[in-house]
Amino acid sequence: MTKDIRTVAFIGAGNMSRSIIAGLVAGGYPAERIIASNPSQGKLDALAADYGIRTGNDNLAAVAEADVVVMAVKPQLMADVCAPIAALDLAGKLVISIAAGVTCERLSQYLGGHQALVRTMPNTPSMLGLGMTGLYASDAVGEADRAFAGHLMAAVGEILWLDSEAGIDQVIACAGSSPAYFFLFMEAMEQGAAALGVKPEDARLMIQQAAIGAAQMVRHNPQLSLAELRAQVTSKGGTTHEAVQTLEQQGLRDSVQDAMQAAVRRAQEMAKEF
Ligand SMILES: NC(=O)C1=CN([C@@H]2O[C@H](COP(=O)(O)OP(=O)(O)OC[C@H]3O[C@@H](n4cnc5c(N)ncnc54)[C@H](O)[C@@H]3O)[C@@H](O)[C@H]2O)C=CC1
Ligand SMILES: O=C(O)[C@@H]1CCC=N1
């Protein structure tokens with residue numbers, strides 16, 4: 001946890017802000033230095049109750065008080081939400097965006113030319129401190145701000161600094177969106193288990209343990225390639241071979257590659273739209 005404690009305002013208190021706030025508070029970031037601003041009260045009440053942070057409905061009051069502003073609304077709302085914020089004195093404030101498909105240049109325009117911007121791409125496992133965040137900052141961002149943004153996101157998982165802004169779209173495909181790919185795979189397994197007559201609660205337990213176990217095997221065996229880890233499960237002439245062959249024949253690899261390219265394409269389209 002960073003010793004550089006600043007007041008951080010989250011503008012938009014949805015799924016992703018909640019994930020980051022949960023991870024920050026669990027990691028010891030002082031809750032009284034975190035503010036969440038959102039139009040609807042329900043999410044704010046839940047955040048205040050669960051994490052003891054400060055909340056409000058007034059974006060401008062939150063920004064005025066903050067040293068660091070995390071822009072966490074949907075990309076299509078970013079322009080409208082930024083317009084009144086741009087009228088405030090933002091000097092000395094660091095703005096961190098987590099939005100997909102909103103470039104630094106566009107965000108800077110929305111904020112009246114503000115330059116102290118770090119663009120990030122986190123993911124929801126940040127909630128458990130198991131997040132993955134890519135970060136990009138232009139040369140205009142000072143060393144202390146860069147370090148703060150890095151420490152903030154490192155409090156909720158691994159971080160990766162990117163040399164170019166295009167790298168953010170690669171992070172979207174590999175980490176921002178990808179928890180959903182794993183959930184989909186697990187949903188498909190849940191259906192497969194049901195078709196085999198497995199009780200839903202037993203299926204969930206087995207799928208969960210296999211997924212956690214597989215991810216931890218990857219983490220704890222950096223010397224082994226993913227293909228080698230797969231080979232360790234795959235006995236010659238055995239059951240896994242049959243299952244994996246079926247997935248291969250039905251084009252799993254191509255599907256995954258197409259999906260990742262679709263995510264990047266959509267991010268690029270969004271950068272033109274928003
Ligand atoms: N959900 C995810 O896995 C990830 C999301 N992101 C990005 O995070 C951003 C937020 O996404 P989610 O949290 O998933 O969406 P969400 O819909 O859960 O949260 C957005 C929040 O913004 C609030 N909001 C709407 N108008 C507002 C306003 N005028 N002022 C303040 N708040 C307002 C909404 O009430 C909502 O609570 C998006 O830009 C998305 O691209 C980035 C990485 C991963
Ligand atoms: O689906 C989205 O657009 C956002 C960005 C990455 C994950 N969720």
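My entries below go through a few places in this predicted model.

**Ground rules.** I number residues from 1 along each chain as its sequence is written, and I letter chains from A and number ligands from 1 in the order in which they are written. In this predicted model, local features need pLDDT of at least 70 and side-chain atom pairs count only at pLDDT 80 or more, while totals for chains, interfaces and linings use all residues.

I then found asparagine 59 in helix H3 (residues 59–65); helices are DSSP runs of H or I, at least four residues, numbered from the N terminus. Is asparagine 59 buried or exposed? I noted it as buried because it has 22 C-beta neighbours inside 10 Å (buried needs 20 or more other C-beta atoms within 10 Å, exposed 12 or fewer, partly exposed in between, with C-beta atoms placed from the backbone). Leaving out residues up to four places away in sequence, I listed its contacts as Ile11, Ser37, Val81 and Ile85 (C-beta atoms within 7 Å).

**Ligand 1.** I found 27 residues around ligand 1, with Gly12, Gly14, Met16, Ala99 and Ala100 the closest (C-beta atom within 6 Å of the molecule). Helix H1 (residues 15–26) gives the most to this shell, 3 residues.

Terms used:
Helix = DSSP H or I, 4+ residues; strand = E, 2+ residues; numbered from the N terminus. Contact = placed C-beta atoms within 7 Å.
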